[in-house]
Amino acid sequence: MRDSFHSRIGFILAAAGSAVGLGNIWGFPTQVANHGGGAFLLVYLCVIFILAIPALYSEMLIGHSAQANPVRSLTQLSEGRARPIGRLMGYLNVLGSCLMLSFYHVVAGWMLVHALGFLARGFGIEVAAEFLLNSSLTRDLIFTAVFLLATAYVVFQGVEKGIERWSKRLMPTLVVLLVALIAYMLTLPGADEGLQKYLVPDFSLMTDTSILVAAMGQAFFSLSIGLGGMMIYGSYLKPGANLGRLSLSVAALDTFIAFLAGLLIIPALYAGIHLGVNVGEGSQLIGEGQLIFAVLPELFNSMGVAGPFVAFAFFILLSIAALTSTIAQAEVPVSYCIEERELKRPVATALSLGVIATFSLLLILFFEPLFGWVVTAVTQFQLPLSGLFYLLVVGWLWHRSNHLKAIAAGSIGLTLLRWHIRYLCPVLMSIVFYHVAFS
């Protein structure tokens, strides 16, 4: 008997946890800051409904209908001559998940090491702080391994007793930490300017096509669509689950946390400007990795006695966000090993995390030639390409027992949704793919 989620709230927290990753905490605020502030936020919210939720629904529907891992699901539902392509895309989902987790665990290890490093500094243990906050091969190997073991520990326990139970613990903790950090950051001089930049839109920017394309890309990536994680979660839902309502709930929680991340990061950047921290490159605010590992640590160091402890809370927040994503994505290769290779969960978990650990080791040892290439291959090519394929499966390639086609027959609203997924969403997804891969 396949494992499954025990409760609706458990699924929502787990699926939102899969979506809420490092990209939400550093990617979304960066996009907002560099694409018109409040104007980007409004466009982003529109795009969530127009593109991201239908794509999320499509991925979940594929898994829920096939009740299987991505290889079997995409093979089964890609009918006729498209079946070999479906099988290939399923295998690419498994491989892409392993590659994504290989670099994600390295970055997650950096988050954890920074949290402990600032905590050591706060308590005056400078020897430990120096080791933890300065890059070294030994440090990276140790903490990547620690995070791999944390992921394996949760996934080893299964869906209900592992992923669902830990998501119920980690997600509320993440939200509490976010709110507490926002409350503190808004007390700093200069933060109010960032708050205004974030929340007050310049409506003259609403027609800027670069904002629209950036919002489409960010909305798609924010919901973790394209590597089969949501598909496998959908397959663990019990028959008869209301996928439309669940998709809306997951998207709403993910968007809410991304919004909170903006409330934290953008005021923090403007507080940094007030304290003399360099937060820009030309006309653009520094974002993503450099923001997290260079700009914000400099801001924390300028806060005096409270700085190390604020930094500890911030990097623990990022560590939790990373873990909720890794446990979801690791279930893709694990479920493949269980269902296609007939391995027991402990063996499947050990084998999958062993492969991921090997990839991570190669990335650490050969960082310069490999790391950026793997990140680009997964995030700029595989994710949008797989997302486009999911839409094509639901809209065009899946005929027999197509749940959306069946329920659309008696509802004008669902008929419009089906046509939306068939025609408009693939066009928008193709634009996203072209933008992130080739521009």
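Buried, in my notes, means under 20% relative accessible area, exposed means over 50%, and partly exposed is in between (1.4 Å probe, protein chains only). I'm working on a predicted model, where local features need pLDDT of at least 70, side-chain atom pairs count only at pLDDT 80 or more, and totals for chains, interfaces and linings use all residues. Residues are numbered from 1 along each chain as its sequence is written, and side-chain values use heavy atoms, with hydrogens and water left out.

**Aromatic pairs**

I looked up ring pairs first. Rings of Phe, Tyr and Trp (its six-membered ring) pair if their centres lie within 6.5 Å; planes under 30 degrees apart count as stacked, over 60 as edge-to-face and the rest as tilted. I get 26 aromatic pairs in the structure. One of them is Phe-40 with Tyr-44, stacked at 6.1 Å centre to centre with 20 degrees between the planes. Both residues belong to helix α3 (residues 38-66), four residues apart, so about one helical turn separates them. My helices (H or I, at least four residues) and strands (E, at least two) are DSSP runs, numbered from the N terminus. Phe-40 is buried at 0% relative accessibility, and Tyr-44 is buried at 0% as well.

Next I checked Phe-103 and Phe-371, an edge-to-face pair with 6.2 Å between centres and 75 degrees between planes. This pair links distant parts of the chain, 268 residues apart: Phe-103 sits in helix α5 (residues 83-122) and Phe-371 in helix α16 (residues 367-397). Phe-103 and Phe-371 are both buried. I then found them in one aromatic cluster together with Trp-110, Phe-293 and Phe-367.

**Charges over rings**

I count a charge as sitting over a ring if NZ of Lys or CZ of Arg is within 6 Å of the ring centre and within 35 degrees of the ring normal. Arg-169 has its charged end over the ring of Trp-166, 4.7 Å from the centre. For Arg-422 the ring is that of Trp-396, and the distance to its centre is 3.8 Å.

**Helix packing**

Two packed helices are described by the angle between their axes and the distance between the axes. My axes are lines fitted to C-alpha atoms, for helices over the stretch in contact, and angles run from 0 to 180 degrees between N-to-C directions. Angles under 35 degrees count as roughly parallel, over 145 as roughly antiparallel, 65 to 115 as roughly perpendicular and the rest as oblique. A crossing is left-handed if the near helix is turned anticlockwise from the far one by less than a right angle, and right-handed if clockwise.

Helix α14 (residues 307-340) and helix α15 (residues 345-365) have axes that come within 8 Å and cross at roughly 130 degrees. That makes α14 oblique to α15. The crossing of α14 and α15 is right-handed. Contact here means heavy atoms within 4.5 Å. Among the contact residues I noted Val-334 and Cys-337 of α14, and Ala-348 and Thr-349 of α15.

I followed up on Thr-349, which is buried at 3% relative accessibility. Leaving out residues up to four places away in sequence, Thr-349 touches Ala-152, Val-155, Phe-156 and Val-334.

I went back to α3 for its packing with helix α10 (residues 209-222): the axes come within 8 Å and cross at roughly 55 degrees. These two helices, α3 and α10, are therefore oblique to each other. α3 passes α10 in a right-handed crossing. The α3 side of the contact includes Phe-40 and Tyr-44, and the α10 side includes Ile-211 and Met-216.

For α5 and α14, I get axes that come within 8 Å and cross at roughly 160 degrees. That makes α5 roughly antiparallel to α14. The crossing of α5 and α14 is left-handed.

Most residues other than glycine have a negative phi, and most peptide bonds are trans. Gln-67, not a glycine, has a positive phi of about 55 degrees. I find Gln-67 in the loop between α3 and α4 (70-77), partly exposed with a relative accessible area of 29%. Ser-224 also has a positive phi, near 55 degrees. Its place is the loop between α10 and α11 (229-235), and Ser-224 is buried at 15% relative accessibility.
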